[in-house]
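Please keep the sequence and the model in view while reading.

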Amino acid sequence: MIFGAIYSAMTGRSSKWPKVRDAHLAANPRCVACGQQADTVHHLRPVAVAPAMELDANNLASVCDDCHFCIGHICNWQLWNDLFWQSVQVLNRGRRGKSG
């Protein structure tokens, strides 16, 4: 738990976040957008906007680094995609329509 306390002190985030993130990735190892191995967990509502939702499983989505940046943050780390799930659905619909 020392790591969690240090993490919390350094980032201002919940000391529980590293365990929640790791558990989410273990249960959801694939990027929800492209299907590749997920690298991180995206907060649908950013922690800065909704800190009470930081650990809420309904606010989390496993994503690869590219999809995190391009879909989760609309290619700008200062932004967030309020239409994240709609964007994922459109992307997946387009992918299913292509013949392999």
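## The largest pocket

In this predicted model, the largest pocket holds about 260 Å³ of space. Its lining is made up of 16 residues, and those that lie nearest the centre of the pocket are His43, Pro46, Val47, His68 and His73.

Helix H2 (17–27) and strand E1 (40–43) each contribute at least two residues to this lining, and the largest share, four residues, is supplied by E1. Sorted by class, the lining of the largest pocket consists of eight nonpolar, six polar and two charged residues.

## Helix H3 and its buried side

Helix H3, which spans residues 65–72, has Cys67, His68, Ile71 and Gly72 as its buried residues. These residues lie on the same side of H3, because the arc that they cover around the axis is only 105°. One of them, His68, is also among the residues nearest the centre of the largest pocket. After H3 comes isoleucine 74, which has a positive phi, near 50°.

## Histidine 24 in helix H2

Histidine 24 is part of helix H2. Its relative accessibility is 12%, and since buried means under 20%, histidine 24 counts as buried. When residues up to four places away in sequence are left out, histidine 24 touches Val41, Leu60, Ala61 and Ser62.

## Salt bridges

Across the whole structure, a search finds three salt bridges. In one of them, glutamate 54 pairs with arginine 13, with 2.7 Å between the closest N and O atoms. Glutamate 54 belongs to the loop between E1 and strand E2 (60–63), whereas arginine 13 belongs to the loop between helix H1 (2–11) and H2, so this pair ties together parts that are 41 residues apart in sequence. Glutamate 54 is buried, at a relative accessible area of 7%, while arginine 13, at 21% relative accessibility, counts as partly exposed.

Another salt bridge joins the side chains of aspartate 82 and arginine 45, at 2.7 Å from N to O. Here aspartate 82 sits in the loop between H3 and helix H4 (84–96) and arginine 45 in the loop between E1 and E2, so the pair ties together parts that are 37 residues apart in sequence. Aspartate 82 is exposed, with a relative accessible area of 53%, and arginine 45 counts as partly exposed at 32% relative accessibility. A salt bridge is also formed by the side chains of aspartate 22 and arginine 21, at 3.3 Å from N to O; aspartate 22 is partly exposed, with a relative accessible area of 45%, and arginine 21 is partly exposed, with a relative accessible area of 23%.

Definitions and conventions
Residues are numbered from 1 along each chain as its sequence is written. This is a predicted model: local features need pLDDT of at least 70, side-chain atom pairs count only at pLDDT 80 or more; totals for chains, interfaces and linings use all residues. Side-chain values use heavy atoms; hydrogens and water are left out. Buried means under 20% relative accessible area, exposed over 50%, partly exposed in between (1.4 Å probe, protein chains only). The arc is that of the directions from the helix axis to the C-beta atoms. On a 1 Å grid over the protein atoms alone, a cavity is a set of points where a 1.4 Å probe fits but cannot get out, and a pocket is an open set with protein on both sides within 12 Å along at least five of seven lines; lining residues have an atom within 4 Å of a point. Grid points are joined across faces, edges and corners, and a volume is the space filled by probe spheres set on the points. Ala, Val, Leu, Ile, Met, Phe, Trp, Tyr, Cys and Pro count as nonpolar, Asp, Glu, Lys and Arg as charged, and the others, Gly among them, as polar. Contact means heavy atoms within 4.5 Å. A salt bridge is a side-chain nitrogen of Lys or Arg within 4 Å of a carboxyl oxygen of Asp or Glu.
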